[in-house]
Amino acid sequence: MPELPEVEALREFLDENLVGKEIARALPVAISVLKTYDPPLSALDGTTVTAVGRHGKFLDIEAGGLHLLVHLARAGWLQWRDVLPSGPPRPGKGPLALRVALTGGDGFDLTEAGTTKRLAVHLVHDPADVPGVARLGPDPLADGFDREAFAALLAGERRQVKGALRDQSLIAGIGNAYSDEILHAARMSPFKPVRNLGDDEVTTLYEAMRGTLAEAVERSHGLAAGRLKAEKKSGLRVHGRTGGPCPVCGDTIREVSFSDSSLQYCPTCQTGGKPLADRRLSRLLK
């Protein structure tokens, strides 16, 4: 799933390649992708893109006073094309979900792999009209989001730290992969209850979060959209690397599986050498 660093890199790429250009037409290909109907997607025809923003994991393309909000979900992606295929795209079983054609002949496709279709596109007058945007917590890389603001968010939390980091209404933009990376950098168990964090641990977690995300954004800076997935995978230290060596201590990276996802961690760095139980047991093996 694209998370804050990849969506921010896409925002930068589109800011350089899309702003100032005129939209010829926005064409939905998959029925499931478009989540709004008023204003109609045709309202973008002939408008000029004036800005590209980001709200957590949402891309925000502004044109003609409207906002095209895109959430790539787990398997969605944006593919820029210097020359779009001639003729309108045909609906079918392929990955293409929506195409935005520019008057210059270039544009981009939104695609989604797999059979579970969660990629979402909204056309609205105000980003806050999208429920997923309206409920977002603060951006963890925002200038004003300091350690005290982070501690205030965690106050009263009763969940485990992994779940808290992934809650978009608490902190925007962090998903499964980067929460694993942050917790590895902080040398902290993903199952540690937030209420058990001491002041020093809150500081460590905050610094790991800011550092991990900032480094990922920097690695992705200036990359073309097509190279971002590979860059994300190459930069991850524990997530998706089950069975490999920890880059810090050399211990074997382990995994806990869920019904539809998994987490990875290093026992030596994060859990005092003890393996975590299957998540369904919800506790460490004693």
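Colleague: Leaving aside its neighbours within four places in sequence, which residues is His 122 in contact with?
Modeller: This is a predicted model, in which local features need pLDDT of at least 70 and side-chain atom pairs count only at pLDDT 80 or more, while totals for chains, interfaces and linings use all residues. Residues are numbered from 1 along each chain as its sequence is written, and side-chain values use heavy atoms, without hydrogens and water. With contact taken as heavy atoms within 4.5 Å, and sequence neighbours within four places set aside, the partners of His 122 are Lys 35, Thr 36, His 67, Leu 68, Leu 69 and Val 130.

Colleague: Is His 122 buried or exposed?
Modeller: His 122 belongs to strand S8, which covers residues 120-124. Buried means under 20% relative accessible area, exposed over 50% and partly exposed in between, with a 1.4 Å probe and protein chains only. The relative accessible area of His 122 is 13%, so the residue is buried.

Colleague: How many helices and strands does the protein have?
Modeller: Both are DSSP runs numbered from the N terminus: helices (H or I) need at least four residues and strands (E) at least two. On that basis, the protein has eight helices and ten strands.

Colleague: What is the radius of gyration of the protein?
Modeller: The radius is taken over C-alpha atoms, and the globule rule is 2.2 Å times the number of residues to the power 0.38. For 286 residues the rule gives 19 Å; the protein is close to this, so it is as compact as a globular protein of that length, with a radius of gyration of 20 Å.
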